[in-house]
Amino acid sequence: MADMNNQAGAGRAAEAPILTVEGLTIGLPSGGDRSSAVRDVSFEVGRGEIVCLVGESGSGKSVIAQSVMGLLPKALPLKAGRILLQGEDITHAPLSRLRELRATRMSMIFQEPMTALNPVMTCGDQIDEVLSQHTTLDAAQRRAKVLDIVKEVLLPDPERIVASYPHQLSGGQRQRIMIAMALVLDPVLLIADEPTTALDVTTQAQILKLIADLQGRHGTGVLFITHDFGVVAEIAHRVAVLRLGDMVEMGPRDQVLKTPDHAYTRMLMASVPTLRVDERPLDAGAPVVLKVDGLVKTYDTTGWFGQRRVVHAAKAVSFEIRQGQTLGIVGESGSGKSTVARCIARLIDPSDGTVLLGGALPGERAEDIARLSASRLRPLRRRVQIVFQDPYRSLNPRMTVAQAMIEGPVNYGLSKPEAMTRARGLLDLVRMDASALDRYPHQFSGGQRQRLCIARALMMEPELLIADEAVSALDVSVQAQVLKLFEEIRERLKLAMLFITHDLRVASQVCDTLAVMSKGEVVEIGPAHRVFGDPQHAYTRALFAAAPGRDFAFGG
Amino acid sequence: MAGTTSSSGASGAPGLSGPAATPGMNAAEATVANYDALSVESATIVTQRSAWQRVRANLSVRIGGGVLALLVAISLLAPWLGTVDPTLFDPVSRDLLPGKVGEITTLEGETIKHRFLMGSDSFGRDIYSRVIYGTQVSLIVGLATAVVALAFGIVLGLCAGFFRWLDGPLMRVMDGLMAIPAILIAIALVAMWRGSLPTVIIAIAIPEIPRVTRLVRSLVLSIREEPYVEAAISLGTPTWKIMLRHILPNTVAPLVVQGTFICASGILTEAILSFLGVGLPPDIPTWGNVMAEGRPQFNQYPHNIFFPGIFLAVTVLAVNILGDGLRDTLDPKMAKRG
Amino acid sequence: MFKFLARRLLSTLPVLAVVAVLVFLVLRLTPGDPAAVLAGDAASTEQIAQIRAGLGLDRSIPEQFVIWIGHLLTGDLGQSYYYKMPVADLIGQRLEPTMSLAVLTITLAVLVAVPLGVIAAWRFGGWLDRGLMAFSVMGFSVPVFVSAYILIWLVSLKLGWLPVQGYKRIADGVGPWLYHLALPTITLSLIYIALIARVTRASVLETLGEDYIRTARAKGLPEARVLMRHALANAAVPIATVIGIGIALLIGGVVVTESVYAIPGLGRLTVDAVLARDFPTIQGVILFFSVVYVLVNLAVDLSYVFFDPRIRY
C-alpha cells in the first residue's frame, strides 16, 4: 500500500495545491520558554496526497493544524504568514467565512474519540447537524445522506448506530463517526490531529486503512498530525518534521525517513525502535527470580438487584523470569497485562495462584507472596519495585527528590546519611546531576522525572523491576534514552525485569522473552526473536500485522 | 557528564548547535550527550513561581486580605479608637442621630461628654463603640467556627476515606446532617444549650462539618489512586505515614480555601442568630444584637441597623473575596476557570 | 435507567432515618425538663410527674423513639406546648405563605440567574462577566436581613412603591398577594441568584473547555447553537444539582425574611417556637423542612434522567 500511495501521490502533486501555508508564525503568551509556538513554517498539501506533520511534544504541529481551521485560542496570535485554501487567502478571514468553509471545504478530526463527541446528542443528530447547517436538504434527504456516510465508514447496522449515543459505542466506532461527520460533505482538505493515538493497535490499523481508502476514493488532501513514525511510514506521501516550532525537514516519505538530511531527523530515526529482533543469548542456567503460576484475578460485583458482573482480568497466567533477563508482556487495552503487573507488585491482591519470589541465593527459599497478609508482606516488598506510566503523577509534588528517594530505605531501617549516599550514587547511574536532590518534581521534564522514578525504585536494591508502560508517555527521543538506561541498569545490577507495554517496537528493543496477552490470557510466550519472527497464535499474528510501518527500515 | 538539569536553557536555543559530546567520552556517553543536546527535553526550561508568590500577587487576595487585616487591627485597637465601654448607657442620650454629642455615664459614675459617631440606640448606648467591639466577637466566631469545623471534618473525612467499612454509615450520617438546614440546627442547638460564646461557636460549626468531611473524603479517595501513593506502598511505607506525608499535605490547599468560606459563613450565621434573638446574650455587643435591638425603631432611626449592617457586609465580603483569591491561586482545578 | 431510579429512591431512606434520629436526639438531650417548663413555676412534683407521664417522657429513650416514629408515620407530629394545638395543623396553617415565597423566589432566581450565568461564561472576561462575579460575591456576603432593610428603606419608605410588611392570602386575590410578596421575594432571591449564576457560569465555562465544543465549532456551527445545544445541554446537570442544594440556603433565608417582613409562615413559627422552647413544634418544623429538602433533591436527581442519556441507557 505504501509504495503505491507514493507513486500516486507524486503524480497528483503536480496539480494546484489544496492547502498552502507560507511563512506561518504564531506567538505564545508571554512568560513561556519561547516566544513563538510556530516560526516561519511553509508547506503545501496537494490534491489526493497525505502530508504528515511529525514532531515531538512542543513542536507546534497541533497549533498549525488548528490555525488552518481558525480554531486557535486568542492567546495564540497569528503574527505572520499566510494560509491559502484552494488559492483563497483565509489567514484573516472573518469568522462567518471560516464557518462556511468548515465541513464543506475543510474538516478536522481530533485525538480523543471518547470526549470529542457530544454525550447528550445521538450520533445521527451530530452528523445531521453538519448537513442542516450547510445544505438546504430536507429531513428525509439528510437522513439518507447520514445513513450513506455511516455505511461508507464501515459501521455495521447503520440504523442502530445513528440512533445511539456516543457512550454506547467503542473508541474505534466513535472515531468512525468523527470521520463520517468530517467527510459527509466531501471537503477537499481533511486535517487529522493524532486521530489514532488513543486507539488500540488493531483498531488503529483499521482507522488508518479507512482514512487512506476514503482519501483515495474522494481525492481528499490530508494533513495528518502524528508523533508515531510507524504511522508516518504506513500512510504518508510526504513528511514534514517539526522541532519546537521550526520546520526542520520536508520531503517525500522515503527520503525523509530513510535518508534524512538534518541532524535532528537523523537522531529521531535512530531513536525509533525497529521491529526486527535478533536472537539474544539467554542464560538458561540463571537463577529464577520470579515464578508465576496460575495467577487469577477476578472482579466479582453483585449489584443491589442481584445482577452480577464478573470480570476475568487475568486467567491462569504462568511464566518465569530469570536473573538478568527481561520478560515483556504485550497486549491491547483490557488484555490484563497491567493487572498481572500490579498483582505481582501486590498493589492489588490476586484471587488465586502463586507468585514465587526469589530462591535465587543459596540457602534462600522461594516465598509465595500472592496471599501474604500485609504485615508479613512488608519485609518482602523491597524485592519487587515498580516504575509507573505517568511521570507527572509518580512523584509527590510536595516532596523534594531527596525525600522521595530516601523514603523507601529509611522504612527498612537504613540511616538517613547512608540513604543519601546511596541516592547520590544512583542519581549518577541514571545520569542526573546530584543537585537534583534539593529540587521539586515540577522543576523537571517528563523524561527526567522518569529517570528519578527509576532511581527511586533502585534505592531498594530490588531483585525484580517492573516497568508498567514506563516509556509510553515519553517522546520518541526521550524514550530511546530511557530504554537505553533500562538496558544498562539490567546489565550492571543483574536485575530481572518485567516490561509491560502495548508498543511492539519498544518490546522488540528491550525484551529477551515475550508474552502476548489477550482478554486476560497468555496466548503465546517464548524467546522474543521466535515470537516476533514466527508467531504461532492467530492473535499474535493479527497484532503484528496491525503494527504500522512494520516492514519499514528507518534510517539515521 | 551530560547530566541534564532544568536550567539548560542555553543549549536549547533553536538553530541547533553542534553535538555536545566532548572528547574523552566513550561511544555510549557520546550518544547520550548528543541526544540530550538535540532532544526537545533539554530545550525546555521549567519556570514556575512558588505557590506563595502566586498567592501574594493575586488581586483578590490582596483586597480581601487587606480589608481583613484592617478589621483585625480595628478589633485589637478597639479601646483606643475613641470608644467607650459598649455596655454603658445613659437614658438621657437615647436615640441620638449619628454625629450628635451627648452625655454618657462611666462605670465610676462620672458623666462625660461624648460624640456619638454612629448615633445611639434606644437605651442610650453608643452604637459606634458597640460596632467596633462587635468586630472582635465576629472575627473570633468566624475563625473559631472554621477551626472547629475543619478539625472534626478532617478527622472524619480521613476515617471515611481510609476505612471502607466506616465509609458507608458515616457518609449516610453526614447526608442526614446536611439535609437539615444549617440555620435550623444552629437555632435548635443554641436554644437547647443557652447562648454563650462556646456554645454558639459549636452550634454554628456542627452543620459545616459534613461539607468538610465530604471534601476530605473525596480528596483522600482521589489521592490514594495517584501513582506516587502506590509507589509509597511499594516502598513499604506504613499506612499512617502515607496519610501524614503524602495525603494530608496535598489536602492543605483546598482545605484552606474551604476554611475561609466557613469563616464567612460563621460570621453571617452568628449575626443571623443574634438578629433573631437566639444567639449571644444581648449584653455582649455583636452586630446582630445591635441590629436586633434597633428593629422596632427602624422607620425613624435606621442608623441602628445600617452601621452594623455595613460592617457585617464588608467583613463577610472581604473574607469571601479572600477565599476566592486563594482558590484561584491554590486550587489548580478550580483556577482553570479563571 | 430503572436501576438508577430504584437505587436513588432507596437511598433516600437511610438519609431520612438519620434525620429522624438526629432530630429526635437533639431535642431529647436538652438540659432541663420540658415537663417542668410546661407545668410552670408553681407546679408540684406530682403535677410535673403527671405531665411527664402524659408526654411519655418517663419511658426509656429508645422506646420514646419508636413511639415517636410510629406517630410520625401516621402524620401525628405531636401537640404544641405553646399553641396548644396539633403541630401538624399548625404547620398546615403556616404553609401557604412560606411555599408562596419559596416558589416565587426559586422561579425568579432561575429565570434570572441561568441566562446571566450562560452569557457571563460566553463573554468570559468581559464586563458582564466581571460584573456578575462581583455581584455574586456581594450576593452571598451581604446577609439577607441587611439587604432586606436596605430595600425596605429604599423602596418602601423612600419611594413608597411596595408595602413594608404583611402578607395577603392568594385566595384574597393574586394582585395583593404578589404586591406583598414582591419585596420579600426580591430580597430572598438575591442570594439564590448569586449562587445559581455563579455555578451556571462555572459549569458552562467548564463545558466550553471540553473537546466536543471544539468539534462543534470545527463543523462550522454558529456560536449560538454551540452554546445552547452543546454547552448548556451538558452543563445542565451541575446547575440542576445546585438548585437542589441551594434549597437549604433558601430555607435559612426564609426564616430571616419572614421575620423581617412579618410574614406568618413556617420560618416565623420556628423562631417563635424556639423562643418559647416549644419542642414538639421545633421538632415538627425541622422535620418538615428536612423532608422537603430530601424530596426536592430526589426530584432533582431523578431529573438527570432527562438531561443525561448515559443514565437512561
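Are α7(C) and α8(C) parallel, antiparallel, perpendicular or oblique to each other, and why? This is a predicted model, in which local features need pLDDT of at least 70 and side-chain atom pairs count only at pLDDT 80 or more, while totals for chains, interfaces and linings use all residues. Residues are numbered from 1 along each chain as its sequence is written, and chains are lettered from A and ligands numbered from 1 in the order in which they are written.

Two packed helices are described by the angle between their axes and the distance between the axes. The axes of α7(C) and α8(C) cross at roughly 140 degrees and come within 10 Å. Axes here are lines fitted to C-alpha atoms, for helices over the stretch in contact, with angles from 0 to 180 degrees between N-to-C directions. Angles under 35 degrees count as roughly parallel, over 145 as roughly antiparallel, 65 to 115 as roughly perpendicular and the rest as oblique; α7(C) and α8(C) are therefore oblique to each other. On the α7(C) side, the residues that meet α8(C) include Leu151(C), Ile152(C) and Val155(C), and on the α8(C) side they include Leu183(C), Ile186(C) and Leu190(C). Contact means that C-beta atoms, placed from the backbone, lie within 7 Å. The residues of this contact divide into 10 nonpolar, three polar and no charged. In this count Ala, Val, Leu, Ile, Met, Phe, Trp, Tyr, Cys and Pro are nonpolar, Asp, Glu, Lys and Arg are charged, and the others, Gly among them, are polar.

Chain C also touches chain B, with 40 residues from chain C and 37 residues from chain B. Helices α7 (144–158) and α8 (174–208) are among those of chain C that each supply at least two residues to the chain C side. That side has 31 nonpolar, seven polar and two charged residues. Chain B itself has 14 helices and two strands, where helices (H or I, at least four residues) and strands (E, at least two) are DSSP runs numbered from the N terminus.

In chain A, strand β11 (residues 288–302) runs antiparallel to β12 (residues 308–322), joined by 11 bridges. Two strands pair if DSSP finds at least two bridges between them. Val288(A) has Arg322(A) in β12(A) as its bridge partner. Five bridges join β11(A) to β14 (residues 352–357), also antiparallel, and there Val296(A) is partnered by Asp352(A).

Elsewhere in chain A, Val162(A) lies in helix α6 (residues 158–163). Val162(A) is buried, with 21 other C-beta atoms within 10 Å; buried means 20 or more, exposed 12 or fewer, and partly exposed in between.

Methods. Two residues are in contact if their C-beta atoms, placed from the backbone, lie within 7 Å.
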